[in-house]
Every structure is written in C-alpha cells, then in structure tokens.
Amino acid sequence: MMPTSSKSMCRCCGVVRESSTVAAMALIGAVLAQAGTAQVMNQKLTAPENKAQLQFGSDVALTPGWAFVAATYEDVQVITGAVYVFAYTQGNFTFSQKLKSPLPQFGDGFGQAISSCADWMVVTAPAEDVNGFANKGAAYVFRRNDSTWSFTQKLVASDNATFGATALGYCAAMNETTIVLGAQYDNTKAANAGAAYVFELQGAIWVQTSKLYPQDAEYGSLFGSSVDVEGDTIVVGAMGEDNDFGFNQDHGAVYVFRRANGVWTQRQKLTASD
C-alpha cells in the first residue's frame with residue numbers, strides 16, 4: 001500500500017492535519033507543542049499493544065480533544081489495519097479506543113487514510129473488495145457520542161461495478177458537510193488518470209453527489225493522490241500530471257474545484273512556476 005500525502009487545516013476544528021506516511025513516521029505519533037518560536041516534543045504516542053510490524057502512525061488526524069493514529073498492519077497475519085483513538089485530557093493524550101473495520105477483509109488497507117472534523121471521522125480501506133469486485137475500495141464513517149466513537153456508515157463508489165472505478169480512498173479529507181475521497185488509480189478517463197469522489201451530508205447520511213475529473217485527464221496523472229476541502233472549495237493533487245511536457249514527465253499539478261448551486265466545477269489548474 002503506497003503512502004498518502006496531504007496537509008490541511010480543518011476550518012470546523014481550527015487545527016492543522018498532517019497526513020502522510022513520511023510525516024507520521026517522522027513524528028512517530030509525537031504531539032508537538034509550541035514553545036516560543038521552536039517546536040518541542042510534548043508527548044510521544046505509542047500503541048497500547050506491543051506488536052511487530054504494526055506501522056503505527058501510517059496516517060494521523062486531529063480534531064479538538066481527540067487524536068487518531070492509523071496502523072495499517074495492526075493484524076499482520078491478515079493485513080488488516082486499525083485506528084487508535086486518543087482523548088486529550090489534563091494536558092495529555094491518553095488511549096481511549098481502538099477502531100477496526102466492521103467488515104474486515106484480507107489486505108483491505110483499513111487505515112490508509114483518515115480525516116476528522118468535529119464529531120465525525122472517516123477511515124479508508126482502498127484495497128477492499130466490493131460486491132465481488134476486487135480492490136474497489138471503501139470508507140468507513142465514525143461518529144462521536146459522548147466519549148465513544150461508533151461506526152455509522154460505509155461509503156462505496158456509486159460506479160464500483162465498472163472497470164474504471166478502482167481504489168476509492170487512497171486519501172481523504174472532510175469538513176462539516178463534505179467528504180472527499182481520492183482514487184488516484186481510477187481508470188475511467190484513462191489508465192491511472194484518477195478521480196475524486198465527493199460525499200455530502202444530507203440529514204445524518206453521507207451521500208455521493210459528484211465524481212470529479214480534471215478537464216485535461218491523461219494517462220498516469222494520478223489525479224486524486226491528495227485532496228482537501230474547505231467550504232465550497234476542493235483541491236485535488238495529481239502528482240503524475242505531465243503538463244504537456246511529454247510522456248511520463250510527472251511534473252505534477254493541483255486542480256481547484258468550486259461549488260455553485262450544488263455543482264462542483266473545475267476553476268483552476270495550479271502548477272509550479274518552474
């Protein structure tokens with residue numbers, strides 16, 4: 001399972017979420033507190049169990065009062081993951097709960113990406129088989145009730161029966177009313193051109209409302225390799241985008257989508273100045 005890579009500020013929570021395998025391994029679950037202008041380690045979080053190959057810290061997320069740490073190899077025998085929940089009390093994070101997939105499958109990648117906002121949290125399993133179709137991917141939504149996080153809904157792609165839909169949930173982002181799930185290996189427009197799925201909260205249910213593609217979708221662009229959402233704006237990374245420089249140049253790009261009258265439309269493509 002390849003690592004996710006994204007960094008965002010959840011406006012409903014007012015905290016920065018750093019979610020990449022590299023960042024998580026560098027932090028090793030450490031919580032940083034600011035002292036003057038320097039960052040010093042305030043606390044080191046570890047899994048409550050002593051397990052080899054756990055990969056604790058494969059992704060991380062924060063919401064006020066809570067920290068979430070994924071471990072994609074929590075059960076190395078069947079390669080299923082878990083998410084460890086830590087509650088912030090009296091100036092420290094303490095282990096509170098361990099979340100597993102309600103429908104675990106061998107090698108499903110549960111915990112590949114996590115994101116949280118307010119009383120909601122989403123965990124992806126991009127290698128999960130759906131309705132007999134291999135590696136279609138899924139995401140599991142959890143909601144907090146007092147001090148307990150409970151599973152509420154499973155998200156799957158509306159087109160999961162098609163050949164193109166693949167690996168929903170390579171990365172994830174959410175705010176109060178929107179969940180965005182990247183699918184960088186989606187083949188709908190071209191092989192590994194990628195896509196991003198948008199789910200919006202309707203009442204107490206998350207409903208898929210859009211599937212986003214770039215206007216210039218191309219082979220191997222990996223659109224959906226990173227995602228973020230704030231208000232009526234979604235940004236989607238495409239780290240394999242060639243930008244007309246020729247085959248397999250992988251210069252990368254970021255696409256900006258805006259919502260107007262309930263419709264998400266691409267408004268801009270961002271590329272590096274050099």
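Start by selecting Lys136. This residue is buried (under 20% relative accessible area, with a 1.4 Å probe and protein chains only), yet Lys136 has no salt bridge. A salt bridge needs a side-chain nitrogen of Lys or Arg within 4 Å of a carboxyl oxygen of Asp or Glu. The nearest side chain of opposite charge belongs to Asp186, 7.7 Å away; here Lys and Arg count as positive, Asp and Glu as negative, and His and the chain ends are not counted.

A note on the model: it is predicted, local features need pLDDT of at least 70, side-chain atom pairs count only at pLDDT 80 or more, and totals for chains, interfaces and linings use all residues. Residues are numbered from 1 along each chain as its sequence is written, and side-chain values use heavy atoms, without hydrogens and water.

Stay on Lys136. What does its side chain reach at 2.7 Å? The backbone oxygen of Ala165. Now show its contacts (heavy atoms within 4.5 Å). Leaving aside neighbours within four places in sequence, they include Pro126, Glu128, Phe163 and Leu168. Lys136 sits in the loop between strands S10 (120–125) and S11 (138–145). Strands are DSSP runs of E, at least two residues, numbered from the N terminus.

Next, select residues 223–230, strand S17. Of its 8 residues, 6 are buried, so the rest of the structure largely encloses S17. Pick Val227: its bridge partner in S18 is Val236. Finish at Gly231, in the hairpin of S17 and S18, where phi is positive, near 55 degrees.

Zoom out. Buried residues make up 50% of the 274 in the protein.

Conventions
Helix = DSSP H or I, 4+ residues; strand = E, 2+ residues; numbered from the N terminus. Pairing = 2+ DSSP bridges. Polar contact = N/O pair within 3.5 Å; in protein donor to acceptor, adjacent residues only side chain to side chain.
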